Amino acid sequence: MLDVKVHSELRVPRHRRCHRHLPAKMATSIREKQTAALRRMLNFNVPPLKNTVTEPVWKVLIYDRFGQDIISPLLAVKELRDMGITLHLLLHSDRDSIPDVPAIYFVMPTEENIDRICQDLRNQLYESYYLNFISAISRSKLEDIASAALGANAVTQVTKVFDQYLNFITLEDDMFVLCNQNKELISYHAINKPDIMDTDMEAIMDTIVDSLFCFFVTLGAVPIIRCPRGNAAEMVAVKLDKKLRENLRDARNSLFTGDTMGAGQFSFQRPLIVLADRNLDLATPLHHSWTYQALIHDVLDFHLNRVTLEEGAGSEALPAGARPKKKNKRIYDLTAADKFWQKHKGSPFPEVAESVQQELDTYRAQEDEVKRLKSIMGLEGEDEGAISMLSDNTAKLTSAVSSLPELLEKKRLIDLHTNVATAVLDHIKTRKLDLYFEYEEKLMSKSTLDKSLLDIISDPDAGTPEDKIRLFLIFYITSQQPPSEADLDQYKKALMDAGCDLSPLSYIKQWKAFTKMAATPANYGNSGVKPMGSLFSMVMNTGSQFVMEGVKNLVLKQHNLPVTRILDNLMDMKSNPETDDYRYFDPKMLRGSESSIPRNKNPFQEAIVFVVGGGNYIEYQNLVDYAKAKQGKRVLYGCSELFNAAQFVKQVMLISVKANSRDQQYSHGQNF
């Protein structure tokens with residue numbers, strides 16, 4: 001019977017997960033660990049042998065959208081081909097039978113997916129089936145596959161069934177997000193909407209915990225959990241503690257045994273996970289950014305490390321009645337292999353523009369050298385000087401030509417960043433984003449303002465309606481005293497005249513009253529910016545790709561955002577009213593401890609900050625800068641979804657609209 005075989009097979013991977021063959025410490029980044037787990041899975045769940053010249057076994061990869069999102073930021077098509085993947089196809093697409101090739105499946109264990117796998121078995125599409133589930137499959141669904149295999153007489157073809165515990169997406173060495181598909185089901189809006197039912201909330205928390213559990217299985221460590229009281233983050237903490245505890249108690253099937261339990265760089269210490277709630281800080285997700293990666297996410301179409309640029313269809317006039325030309329789209333992947341990206345993604349934008357220009361000038365000089373050598377090679381005459389010069393130049397040219405592939409790759413990356421940075425610069429200039437960034441930094445750091453908010457809102461040349469409402473909401477959130485009704489009416493009128501939708505304001509008002517933000521006025525630390533003069537040495541010259549006139553050269557001062565400050569308190573065990581009341585969970589303790597008193601008094605060297613309700617690149621960059629300044633500390637950033645300000649404003653609008661319609665229904669009910 002297959003179901004016995006499948007269950008015994010299932011036991012094996014649950015013990016010997018992919019990360020086991022790596023030194024199980026956080027020093028190996030989560031990106032490396034998840035990539036290694038995928039490589040092993042694509043090698044039929046056997047660790048790939050290094051330095052072997054043997055031809056890979058050719059196979060097809062069948063994934064669903066979830067699997068595609070996990071693989072695409074980590075493995076390029078070429079890398080898949082090198083591992084023997086000749087075809088990669090979506091599970092629910094029309095697929096032809098390839099009867100002499102093994103198929104590796106990487107899918108979520110959903111009803112719909114299981115039905116399709118059973119259909120594939122009945123249609124005998126492939127030679128053999130290696131079924132890998134992103135998240136653990138239930139026994140009943142496993143039995144469905146077993147009976148389909150029996151019915152199709154394909155028992156021997158179902159070679160392996162594995163639970164992979166890879167239900168999260170790694171975007172950086174130190175950043176992950178829970179999902180991209182169906183993210184609206186666990187979004188900020190889903191958690192905070194006024195009409196949420198308890199059963200819906202339970203389902204959202206279970207989805208988040210399932211992914212966090214997968215993250216720790218892949219990391220190979222059982223964390224210490226800290227969280228605030230009385231919000232969604234606490235619900236996640238309680239469920240995560242329970243899930244980890246239950247797995248540790250089941251010694252036979254525990255996923256945290258033996259050599260996977262290296263607890264990080266220092267074997268005597270485990271990582272800390274700080275679960276934060278998005279409601280802790282609503283100003284940062286609305287903030288205009290000034291660093292490269294965060295700006296790309298804010299103003300361009302950027303997700304899962306891929307940026308899509310729309311090219312203008314040309315400015316020539318179209319004949320009357322003609323359909324406008326379709327805009328071309330250019331897609332760029334910003335990867336770990338791109339050295340320029342790795343070095344500059346957290347840099348202020350003017351610095352990035354200057355560096356792109358430097359790279360371009362260096363490349364042009366190298367290109368000119370190759371051209372010069374080629375022309376010298378056409379030397380005529382037989383005199384000795386020419387011949388010795390020729391042999392000398394032949395060596396130079398050979399060296400130049402051998403570095404040609406490297407040079408071409410460099411040119412590709414320079415073109416990529418020139419195009420992306422130019423697109424960002426267009427937004428900065430047309431919307432005056434430097435002005436918004438500088439003004440918001442001053443609001444958040446309680447610095448003196450050199451311009452009235454009303455002037456910026458009323459300036460038709462400064463920003464879009466969305467820019468203006470974002471600025472106003474940050475002003476409202478960070479003000480110690482809310483503006484008087486008369487002032488508020490004046491602001492509202494100016495915002496409406498500028499074409500703004502005011503619906504998010506009613507929700508922010510409620511949120512501010514609820515969280516009593518005024519009680520913690522210095523909430524955003526001592527931030528602020530230093531203008532470096534509006535001249536850019538490299539990029540203001542006439543031959544530059546970037547016309548930066550009128551854009552301020554602002555440099556960020558390092559400051560800690562709320563999540564970073566909370567992490568700092570908890571990592572270093574500092575006593576602080578903000579975090580003293582945080583709950584403490586240790587899943588390894590036999591009995592669940594309800595205390596907020598940490599048993600461990602040593603500062604943590606490794607920590608994960610996870611934001612329930614969504615995160616952004618501004619917080620991520622702030623944590624990266626914090627970790628750089630703290631020698632020997634490693635910090636990872638995770639969030640239930642990654643949104644930019646426009647997406648966040650949309651979610652807040654939805655909550656406001658629902659709350660208002662519910663209030664209206666309630667007041668109508670009162671009138672009867």
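These are my notebook entries on a few residues I looked up in this predicted model.

**Ground rules.** I number residues from 1 along each chain as its sequence is written, and I leave hydrogens and water out, using heavy atoms for side-chain values. Since the model is predicted, local features need pLDDT of at least 70 and side-chain atom pairs count only at pLDDT 80 or more, while totals for chains, interfaces and linings use all residues.

**Entry 1: K141.** I found K141 in helix 6 (residues 139–151). Helices here are DSSP runs of H or I with at least four residues, strands are E runs of at least two, and both are numbered from the N terminus. Which side chain of opposite charge is nearest to K141? I got E111, 4.7 Å away. Lys and Arg count as positive, Asp and Glu as negative, and His and the chain ends are not counted. K141 is buried but has no salt bridge. Buried means under 20% relative accessible area, exposed over 50%, and partly exposed in between (1.4 Å probe, protein chains only). A salt bridge needs a side-chain nitrogen of Lys or Arg within 4 Å of a carboxyl oxygen of Asp or Glu. Skipping neighbours within four places in sequence, I listed P109, T110, E111 and I114 as contacts of K141 (heavy atoms within 4.5 Å).

**Entry 2: cysteines.** How many disulfides does the whole structure have? I found zero, taking a disulfide as a pair of cysteine sulfur atoms within 2.5 Å. I also checked C214, which is buried at 0% relative accessible area.

**Entry 3: rings.** I counted 25 aromatic pairs. Rings of Phe, Tyr and Trp (its six-membered ring) pair if their centres lie within 6.5 Å; planes under 30 degrees apart are stacked, over 60 edge-to-face, and the rest tilted. F176 and F215 are a stacked pair, with 4.1 Å between centres and 15° between planes. This pair links distant parts of the chain, 39 residues apart: F176 is in strand 7 (residues 175–177) and F215 in helix 8 (residues 198–219). I noted F176 and F215 as buried. Next I looked at Y620 and Y637, a tilted pair at 6.4 Å and 40°. Y620 is in helix 21 (residues 617–629) and Y637 in strand 17 (residues 634–639), so this pair ties together parts 17 residues apart in sequence. Ring pairs also join Y292, F302, W341, F349, Y617, Y620 and Y637 into a cluster.

**Entry 4: I428.** I placed I428 in helix 14 (residues 404–431). Buried or exposed? I428 is buried, because its relative accessible area is 1%.
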